[in-house]
Amino acid sequence: MKTQDSIPTSKVARATQFLKTGAKIGGNYLKYNVKKIIDPTTTREELHQDNATDVYASLSELKGSALKVAQMLSMDRSVLPRAYVDKFQMSQYSAPPLSGPLVVKTFRNFFGKAPHELFDQFDINAANAASIGQVHQASKNGQKLAVKVQYPGVADSISSDLKMVKPMAVTLFGLNEKDVERYTEEVETKLLEETDYDLELRRSVEISEACKHIDGLIFPKYYPNLSAKRILTMDWLDGFHLKDFLQTNPSQEVRNRIGQLLWDFYDHQVHSLRQVHADPHPGNFLMRADGTMGVIDFGCVKVIPDYFYDNYFTLINPDTLDDDPLIEKIFYNLEFLVKEDKPSEKALFKDLFKQMIVMLGKPFAVDEFDFGDHTYFDSVYAFADELAKVEEIRNSKVARGSKDGLYINRTYFGLYSMLNELGAKVKTTRPDWLRSKKEMALMS
């Protein structure tokens, strides 16, 4: 894979890169319009392919928050055209890596030594490269290690990058400007946390320890003496990322086993720890033929406020949908409804959000759910497409939904998506208070 010898770190250099990308996108639209005149049957798919290639190439050079936003968007197939999803998924673990000299410079900045002076062996070629950093294989005292090295300038460019990404997200991807603006602060906070490897080290140890009782989950040991604010060292875990794992043709039993591990991992974090590994993309899980799974990368952790937890998960209990005063109160608490709504708007949004809750809450309504049921996911995507066409939503003067829901929704969407790709049947364990009175009566 081609390596990168430098990363634009100044605001001017990064802004110039965005401008170049904009010019390429403009050229792609011109080319598409000319082709459309010559051949009216030309579809927008070719335009999406060209734009996705150019945008990904540009963001890959920039690294950091710009590429991280692409990674986040790639997890939501209901938001972007397929071409963008396919291309942006590469940012999860296959972005172009940094060259050796830049890696050595980073080590000298934090340890005053080159990596080969710290480890018995250090592979200068990255094993994986993503949006914030890349991973190298190393060893010390006979222990195989994974060393994560952060890209230079990533932490310092987050705020300015998000300002430049915002108009691209609005214009190119057709996203709602008010929604993008509303959640920028939450995204910026989380991205800043992801660049703090001291914080990630503490959270990795804490959550790994809290989840070690889940049989079949494997967590690496972390090494503070070989870690720093921009470098993180841990045990190397063997296993396959989801796409490669599926190519080994695992049995349904193994798929179900790994799917259950994923569900149990998130169920325990959300309902017991009230903080969650909020970056559930395939690059952070290493799946094995024996049905065990390694978990890595605790850079993005969402602490769930009590008020949000209580309101959000009360919606999962089927009894709530039959209690109109309660559900209306929750909708206001979670900012699905706002006091400025006219009666007609209130009625519309209330109905739409109730439909959405019923649909997305289906796995919680049964004791076992088949995530391999593509008809369920087709209905979810179709519902999202219909929502995008609702004029009142497109023209709404307010962004709806608590900012605390951004990473929780992202977490569940990522979890559902992985379980769907696995085709796993899962026992959807949940606290008893999320069950209906009728269901509890049957259990007693």
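Reply: Helix α9 covers residues 197-211, where a helix is a DSSP run of H or I with at least four residues, numbered from the N terminus as strands (E, at least two) also are. At 1.5 Å a residue, its 15 residues should span 21 Å, and the end C-alpha atoms lie 20 Å apart, which agrees; the expected span is 1.5 Å times one less than the number of residues.

This is a predicted model, in which local features need pLDDT of at least 70 and side-chain atom pairs count only at pLDDT 80 or more, while totals for chains, interfaces and linings use all residues. Residues are numbered from 1 along each chain as its sequence is written, and side-chain values use heavy atoms, with hydrogens and water left out.

Within α9, the buried residues include Tyr-197, Leu-199, Leu-201, Ile-207 and Cys-211. Glu-200, Arg-203, Ser-204 and Ser-208 are buried as well. Buried means under 20% relative accessible area, exposed over 50%, and partly exposed in between (1.4 Å probe, protein chains only).

For another buried residue, consider Ser-436, which counts as buried because its relative accessibility is 11%. Ser-436 sits in the loop between β12 (425-427) and α19 (437-443). The side chain of Ser-436 reaches the backbone nitrogen of Glu-439 at 3.1 Å.

Terms used:
Polar contact = N/O pair within 3.5 Å; in protein donor to acceptor, adjacent residues only side chain to side chain.
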